[in-house]
Amino acid sequence: ISPSTMVKGLIWVSTNNGLIKLTRDDGAHWEDVSIPNLPDRAHADLDAIDASHTTPGEAYVAVDYHTSGNYAPYFYRTRDYGKTWTKIVNGLPTDQVNGSFARVIRADTKTQGLVFAGTESGMYVSFNDGDTWQSLQLNLPLTSYRDAVIKGNDLVVGTYGRGIWILDDIS
């Protein structure tokens, strides 16, 4: 669940069977804004959805297919309230030993275009709204990155069984 920090009443919800729902009136009415033509929608686990903090109508989603044997990353972005979705995986590895599948995606709360993504095997950053990615591994372990949050000027990531890591002052 990701409520917009920009538009009152706007809430995005993703599910573990490939659906995305959007409300613009605090939940009184919902519309289906699911990504069209997702491969194997029934097995698409949408692990994370994040409303943009700088652009109304923009959101990001991480789609995980590892339970069906697909270990590639699937991250998507919409800029028009879910009418259209763009796959944003350029620069992400697809063949990591532990899997490259998507786990989490978060937009920076202050800087437009700055987006962070966690996969089963690493952390990545994009400075152009997900159009291209580069490694943000630094001294991080090669492990599953399950969640991330921007707190003030810090990026905080949670790993599976390894702990919490903080990148101080991402400004």
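**Reading strands and aromatic contacts**

User: How many bridges join β11 to strand β12 (residues 134-135), and in which sense do the two strands run?

Analyst: In this predicted model, β11 and strand β12 are joined by 2 bridges and run antiparallel. Within that pairing, Val125 has Gln134 of β12 as its bridge partner.

User: How is strand pairing to be understood in general, and which strand pairs with β11 over 4 bridges?

Analyst: Strands of a sheet pair through backbone hydrogen bonds, and the arrangement is either parallel or antiparallel. Here, strand β10 (residues 115-119) pairs with β11 over 4 bridges, in the antiparallel sense. The two strands form a hairpin, with 3 residues between them. Across this pairing, Ala117 stands opposite Tyr124 of β11.

User: What covers the two faces of strand β11, and which residues lie on each side?

Analyst: In a regular strand, side chains alternate between the two faces of the sheet. In strand β11 (residues 123-126), Met123 and Val125 lie on one side, and Tyr124 and Ser126 on the other. All four residues are buried, and both faces are therefore covered.

User: What is the strand order in the open sheet of 4 strands?

Analyst: The order is β5-β6-β7-β8, with antiparallel pairing. β5 (45-51) and β8 are the edge strands, each of which pairs on one side only. Tyr76 has Lys87 in β8 as its bridge partner.

User: How is a pair of aromatic rings described, and how many aromatic pairs does the count come to?

Analyst: A pair of aromatic rings is described by the distance of the centres and the angle of the planes. When ring centres within 6.5 Å are taken as paired, the count comes to 4 aromatic pairs. One of them is formed by Trp12 and Trp85, with 6.2 Å centre to centre and 75 degrees between the planes. Planes over 60 degrees apart count as edge-to-face, and this pair is classed accordingly.

User: Why does the pair of Trp12 and Trp85 tie together separate parts of the sequence?

Analyst: Trp12 belongs to strand β2 (residues 11-14), whereas Trp85 is in the loop between β7 (74-78) and β8 (86-87), so the pair ties together parts 73 residues apart in sequence. Trp12 is buried at a relative accessible area of 0%, and Trp85 also counts as buried, at 12% relative accessibility.

User: What geometry does the pair of Tyr71 and Phe101 have?

Analyst: The pair of Tyr71 and Phe101 is tilted, with 6.0 Å centre to centre and 45 degrees between the planes. It links distant parts of the chain, 30 residues apart: Tyr71 is in the loop between β6 (59-64) and β7, and Phe101 is in the loop between β8 and β9 (102-107). Tyr71 is partly exposed at 43% relative accessibility, whereas Phe101 is buried at 2%.

User: Where does the charged end of Arg24 sit, and which ring does Arg146 lie over?

Analyst: The charged end of Arg24 sits over the ring of Tyr81, at 4.0 Å from the centre of that ring. Arg146 lies over the face of Tyr160, and the distance to the ring centre is 4.1 Å.

Conventions:
Residues numbered from 1 in each chain as written. Predicted model: local features only at pLDDT ≥ 70, side-chain atom pairs only at ≥ 80, totals over all residues. Heavy atoms only, no water. Phe/Tyr/Trp six-rings, centres within 6.5 Å; stacked < 30°, edge-to-face > 60°. Buried < 20%, exposed > 50% of the residue type's maximum accessible area, 1.4 Å probe, protein only. Lys NZ or Arg CZ within 6 Å of the ring centre and 35° of its normal. Pairing = 2+ DSSP bridges.
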